Amino acid sequence: MSKAFASRADLEEKKVTFSKLADNAYAYTAEGDPNTGVIVGDDAVMVIDAQATPVMARDVIAKIRTVTDKPIRYVVLTHYHAVRVLGASAYGADHVIASQATYDLIVERGEQDYRSEYERFPRLFQAVDSIPGLTWPTITFTGEMTLRLGRTEVRLMQPGRGHTKGDTIAWLPAEKVLFSGDLVEYGATPYAGDAYLQDWPRTLERLADLRPEKLVPGRGEALTNARDAQAALNGTRAFVTKLYQAVEAGRAAGKPLKQVYQETYTALAPQFGGWVIFDHCLPFDVSRAYDEAGGLRDPRIWTAERDAEMWNALAS
Ligand SMILES: [Zn+2]
């Protein structure tokens, strides 16, 4: 039986939750669809990840307006993926902030990523025609940057590579709230098509060292205590570690990609098969892991054509 490509057959709308994590921090989540974080400072609002289209971002803005009328001045991009960044224009923010490595990825592969992500998961691009083009950061940084929104201190940090080479988190040190982007997922399958799988577990260690008491993952519900935050970190680490180990062993044994994919699927499904978008992610995840295990340092660019070719070879 052939499986529909990626998430093309996923048409069911998800229920949005806008939850308060601290007096100055909120999470916009949607049952495994991409999340957005909100930080309300003394005189400005910061949004962490924008949603896929301006029309979808307007729903985030409506939720923000139920708790504050302060201007939305900053949009932070945790990484370059289309589904999180292309709605940014709706906020009318003064600045779009990203790591330099994320900026470089937008230059190198932003356009291809946009086409490929739209084809994979059209439901997540509601009103795709409202996208004015790629989202370009106006401020870039490397390593760490602190913004003070009045009394609220926000640290933007690159804890290391993992989901992409540009991964950035937002951390509220006083409130111990962590906005992790797709470095951490909860009840949703990590996408590793652009990942650095050998680095990812170490990067998660650095996030665990922060000892977050609240955590907004890239996908899945917000975690509201230290134990659940740790569970999300551990679950993500278990997935990326087992994925890479299985693929590396298969490649070392000289097995072809398709066989490695089938064996990895069988090995991971009992523990992780119930997570959202497992069937969607796994072919991409195994493809990248197979490349990395073969010594390919940087992920290859996914195009709509490469997506279809890979899917037909592995998953159809
Ligand atoms: Zn992503």
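Reader: Which residues coordinate the zinc ion?
Author: In this predicted model, the zinc ion is coordinated by H79 through NE2, H81 through ND1, H163 through NE2 and D182 through OD, at 2.1 to 2.3 Å.

Reader: And how are those donor residues spaced in sequence?
Author: The spacing reads H-x1-H-x81-H-x18-D. H79 sits in the loop between β5 (72-76) and α2 (82-85), while H163 sits in the loop between β9 (152-157) and β10 (169-172), so this pair ties together parts that are 84 residues apart in sequence.

Reader: Why is the arrangement of the four donor atoms irregular?
Author: The angles that the four donor atoms subtend around the zinc ion run from 89 to 172°, and that makes the arrangement irregular. To count as tetrahedral, four donors would need all angles between 85 and 135 degrees.

Reader: Are H79 and H163 buried or exposed?
Author: H79 counts as buried, because its relative accessibility is 1%, and H163 is buried too, with a relative accessible area of 1%.

Reader: Switching to helices, where is the kink in α6?
Author: Helix α6, which spans residues 257-272, has a kink of about 25° at T266, shortly before the proline P270.

Reader: Which residues of α6 are buried, and what covers them?
Author: The buried residues of α6 are V260, Y261, T264, L268 and F272, and their cover includes α5 (226-252), α7 (278-293) and α8 (304-314).

Reader: Now the strands: how many residues of β3 are buried?
Author: Strand β3, residues 33-40, is mostly covered, with eight of its eight residues buried.

Reader: Which way do β2 and β4 run against β3, parallel or antiparallel?
Author: Strand β2 (residues 25-30) runs antiparallel to β3 and is joined to it by five bridges, and β4 (residues 45-48) is also antiparallel to β3, with four bridges between them. G37 in β3 is the bridge partner of A27, and G37 also stands opposite I48 in β4.

Reader: How many residues lie between the strands in the two hairpins?
Author: The hairpin of β2 and β3 has two residues between its strands, and E31 takes a positive phi near 50° there, whereas the hairpin of β3 and β4 has four residues between them.

Reader: Last topic: which residues touch the most other members in the largest nonpolar core?
Author: That core has 76 residues, and Y91, F125, L197, L207 and F239 touch the most other members. Its largest share, eight residues, comes from α5. Apart from this core lies another one of 23 residues, among them A27, M46, M145 and L149.

Reader: And what does L207 touch?
Author: Leaving out residues up to four places away in sequence, L207 touches P159, I169, L178, L183, V184, P212 and L233.

Technical notes:
Residues numbered from 1 in each chain as written. Predicted model: local features only at pLDDT ≥ 70, side-chain atom pairs only at ≥ 80, totals over all residues. Heavy atoms only, no water. Donors = N, O, S within 2.8 Å, 3.2 Å for Na, K, Ca; no water. Tetrahedral: all angles 85-135°; square planar, octahedral: opposite > 155°, others 65-115°. Buried < 20%, exposed > 50% of the residue type's maximum accessible area, 1.4 Å probe, protein only. Bend = angle between axes of the 7 residues up to and from the residue. Contact = heavy atoms within 4.5 Å. Pairing = 2+ DSSP bridges. Core = buried A, V, L, I, M, F, W, Y, C linked by side-chain atoms within 4.5 Å.
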